[in-house]
Amino acid sequence: MNLPAIYLASASPRRHEILVRMGVEHEVLHVPAPEGEDEPRLPGEPPEDYVRRTAREKAQRAADWVRTPLDTSRPILAADTTVILEHDLLGKPADLDDARTMLARLSGSIHSVHTAIAVAYQDSLLEDVSITQVRFRALTPQDIDSYCASGEPMGKAGAYGIQGRAGMFVQHLSGSYTGVMGLPMFETARLLQSLP
Ligand SMILES: Cc1cn([C@H]2C[C@H](O)[C@@H](COP(=O)(O)OP(=O)(O)OP(=O)(O)O)O2)c(=O)[nH]c1=O
């Protein structure tokens, strides 16, 4: 498959790793974070809309930021991953207590992981979203403590990384494994292929 060389507007090492696996030539852009709260949700905004809007804003911010110094013929890819449990949105945990609370809520239940991708290219912004249902086995307090002690929950939506030890918590998955990790391969390849 012939996919174009791109810029990746993401600080997530997982997204870089997935693009490497896809064989997509890319350069990572370190776009300065906006001032204020990290990716705030608008009042009453449905999670599906939130995750799409956030990915679009990341791609647009990167496009505005790079305009002059970089090669504008390269598409700019951004993504946003959010865990949704009973209409609540679980982002990255603020600290280990927060991580413990999130993991206890995910224990023995089904949640969904939404990853939106957005590509800024030649004044247009294209997007797609991958939605995956994930069932966790019941976790004991010891499971949660030792997982938190591993350091893996921090920096990850829902306080877990399926690609690490938390893979052992996943009893069933319906959707995209790479979407849960932060960049759905199928949707990303399809979006990049659809560019003019
Ligand atoms: C659920 C899950 C999330 N994650 C990660 C992917 C994302 O890095 C992170 C969700 O946070 P995001 O806000 O989507 O991304 P980010 O802040 O890490 O990076 P950037 O905004 O610069 O692109 O959670 C995993 O690595 N494994 C998982 O199983």
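Below is a list of stops, each with something to select and a note on what is there.

Before we start: this is a predicted model, in which local features need pLDDT of at least 70, side-chain atom pairs count only at pLDDT 80 or more, and totals for chains, interfaces and linings use all residues. Residues are numbered from 1 along each chain as its sequence is written.

**Stop 1: Asp-80**

Select Asp-80, which UniProt lists under "active site" in an unreviewed entry. UniProt positions are in the numbering used here, feature names are shortened, and annotations may be inferred rather than shown by experiment. Asp-80 sits in strand β3, residues 76-85. Helices (H or I, at least four residues) and strands (E, at least two) are DSSP runs numbered from the N terminus.

Is Asp-80 buried or exposed? It counts as buried, because 26 C-beta neighbours lie inside 10 Å. The cut-offs are 20 or more other C-beta atoms within 10 Å for buried, 12 or fewer for exposed, and in between for partly exposed, with C-beta atoms placed from the backbone.

Now show the contacts of Asp-80: Val-51, Thr-54, Ala-55, Lys-58, Thr-115 and Ala-116, leaving out residues up to four places away in sequence. Contact means that the C-beta atoms, placed from the backbone, lie within 7 Å.

**Stop 2: the ligand**

Select the ligand and its shell of 22 residues, where the closest are Ser-10, Ala-11, Ser-12, Ile-162 and Gly-182. A residue belongs here if its C-beta atom, placed from the backbone, lies within 6 Å of the molecule. Which element gives the most to this shell? Strand β3 does, with four residues. Both β3 and α5 (177-181) supply at least two residues each.

Colour the shell by class and you will find nine nonpolar, eight polar and five charged residues. Here Ala, Val, Leu, Ile, Met, Phe, Trp, Tyr, Cys and Pro count as nonpolar, Asp, Glu, Lys and Arg as charged, and the others, Gly among them, as polar.

**Stop 3: helix α2**

Next, pick residues 47-66, helix α2: its 20 residues should span 28 Å at 1.5 Å a residue, and the end C-alpha atoms are 29 Å apart, which agrees. The expected span is 1.5 Å times one less than the number of residues. Buried residues of α2 include Tyr-50, Arg-56 and Ala-63, as well as the Asp-80 contacts Val-51, Thr-54, Ala-55 and Lys-58. Their cover includes β3, β4 (88-90), β5 and β6.

**Stop 4: helix α6**

Move to residues 185-193, helix α6, where Glu-187, Thr-188, Leu-191 and Leu-192 are buried. Look down the axis of α6: these buried residues fall within an arc of 130°, so they line one face of the helix. That arc is taken from the directions from the helix axis to the C-beta atoms. The face turned away from the buried side carries exposed Phe-186, Arg-190 and Gln-193. Among the elements covering the buried residues of α6 are β1 (6-8), β5 (110-121) and β6 (124-136).

**Stop 5: the loop between β3 and β4**

Zoom in on Glu-86, in the loop between β3 and β4. Its phi is near 45°, a positive value in a residue other than glycine. His-87 is also placed in the loop between β3 and β4, and has a positive phi of about 70°. Glu-86 is exposed, with 8 other C-beta atoms within 10 Å, and His-87 is exposed with 7.

Terms used: Two residues are in contact if their C-beta atoms, placed from the backbone, lie within 7 Å.
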